Amino acid sequence: MSEVTVSQLDRPAPLPALRNDPRRVLRVGLARAVLETKMFFREKDQIAFVFSIAVVMLIILASIFTTQYRGTDITVSQVYVAGLIGTGITAVSFQNLGISIAVERDQGGLRRLAGTPMPPSAYFIGKVGSVLVVAVIQVAILLVLGVVLYDLQLPATIGPWLTFTWVFLLGLAAMTMLGIAASSVPRSARSATAVITLPFVVLQFISGSFLPHTDLPDWLLNLSAIFPLKWICQGMRSVFLGQEAAFMEIAGSYELGKAFLVLAAWVVGGLVLCLLTFRWKDQHAG
């Protein structure tokens, strides 16, 4: 009897138990994050596509518009830097994930992963971890360009950096959830870039990525206020431009409390969308 008990104890845990063990999920998820990050940086086309959007737009627009706002020390170029940080965050999360996951699904990669012992949640931990690393690099590049080329002044106190931290993390989380959810919209890998890029481009123009959107019609202002990008850009302007530039906002202030609530709501709402819409295999697959 004792031999049977020992034998039973020596058996590996059943597959469901392994897949649901929190420690194993975290360990596999972190390993997956390392793998996802390595795969991202091995694709030179993908690196250029993701990193170039905000950087190229910054260099072009800041070269064209070089004026300074009357009565302030703030230049148009500095406003671009702050706003385009929001574009950079959205590019590495919403756009990158929406396209890459759709391609993986169409090529059968997700279906193969679903059939392995890897816990499903570890896959998403890997995606989130990789996006976080890439986003930090993206923001760092934009800030270096802003400081070196456009005299952007980094905050000298802890308060603005705390604001930067929660705007960055909540904004990135919200856009990551939306990117994962949006990956189920394209019908194929060939259509993924067009389907995901179109809303990304539209959101940039109505959300203040390029300039505070004081000249937009009311219906576009109301539309932009629904989505996270507007609040990410507004929060970043509060960090790097300070109260001196608050007059450029529609409300005459940065509305950081409202920004926090909207971004937090999108994190929760985006998670619900992911749970409702995510598919491991193409809907046309047998």
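In the predicted model, the axes of helix H11 (residues 228-241) and helix H12 (residues 256-277) come within 9 Å of each other and cross at roughly 140°. This angle makes H11 oblique to H12. The crossing in which H11 passes H12 is left-handed. On the H11 side, the contact is made by Pro-228, Trp-231, Ile-232, Gly-235 and Ser-238. H12 contributes Leu-256, Lys-258, Ala-259, Val-262, Leu-263 and Trp-266. Sorted by class, the residues of the contact between H11 and H12 are 8 nonpolar, 2 polar and 1 charged.

With residues up to four places away in sequence left out, Thr-163 touches Gly-235, Ser-238, Val-239 and Leu-256. Gly-235 and Ser-238 of H11 and Leu-256 of H12 also take part in the contact of H11 with H12. The relative accessibility of Thr-163 is 13%. Because buried means under 20% relative accessible area, Thr-163 counts as buried.

Helix H8 is also packed against helix H7. The axes of H7 and H8 come within 11 Å and cross at roughly 130°, so H7 is oblique to H8. H7 passes H8 in a right-handed crossing, whereas the crossing of H11 with H12 is left-handed. From H7, the residues Phe-124, Val-128, Val-131, Leu-132, Ala-135, Val-136 and Val-139 meet H8. Their counterparts in H8 are Phe-164, Phe-168, Leu-169, Leu-172, Thr-176, Met-177 and Ile-180. The contact of H7 with H8 comprises 13 nonpolar residues, 1 polar residue and no charged residues.

Val-136, one of the H7 residues in this contact, has a relative accessibility of 44% and therefore counts as partly exposed. Val-136 and Val-92 are 44 residues apart along the chain, and their C-alpha atoms are separated by 9.8 Å.

A further helix pair is formed by H3 and H4. The axes of helix H3 (residues 22-42) and H4 come within 5 Å and cross at roughly 90°. H3 and H4 are therefore roughly perpendicular to each other. Phe-40, Phe-41 and Arg-42 of H3 make the contact with Lys-44, Gln-46, Ile-47, Val-50 and Phe-51 of H4. By class, the contact of H3 with H4 has 5 nonpolar, 1 polar and 2 charged residues.

The largest nonpolar core of the model has 68 residues. Within this core, Leu-58, Ile-85, Ile-89, Phe-168, Met-236 and Phe-240 touch the most other members. At least two core residues are supplied by each of helix H4 (44-64), helix H5 (76-106), helix H6 (109-114), helix H7 (120-150), helix H8 (158-182), helix H9 (189-206), H11 and H12. H5 provides the largest share of the core, 13 residues. Phe-168 also belongs to the H8 side of the contact with H7.

When neighbours within four places in sequence are set aside, Ile-85 is in contact with Val-139, Leu-142, Leu-143, Met-236 and Phe-240. Of these, Val-139 is also one of the H7 residues that meet H8.

How values were computed: Residues numbered from 1 in each chain as written. Predicted model: local features only at pLDDT ≥ 70, side-chain atom pairs only at ≥ 80, totals over all residues. Heavy atoms only, no water. Axes fitted to C-alpha atoms, helices over the stretch in contact; angles between N-to-C directions. Helix = DSSP H or I, 4+ residues; strand = E, 2+ residues; numbered from the N terminus. Parallel < 35°, antiparallel > 145°, perpendicular 65-115°, else oblique. Left-handed = near helix turned anticlockwise from the far one by under 90°. Contact = heavy atoms within 4.5 Å. Nonpolar A, V, L, I, M, F, W, Y, C, P; charged D, E, K, R; others polar. Core = buried A, V, L, I, M, F, W, Y, C linked by side-chain atoms within 4.5 Å. Buried < 20%, exposed > 50% of the residue type's maximum accessible area, 1.4 Å probe, protein only.
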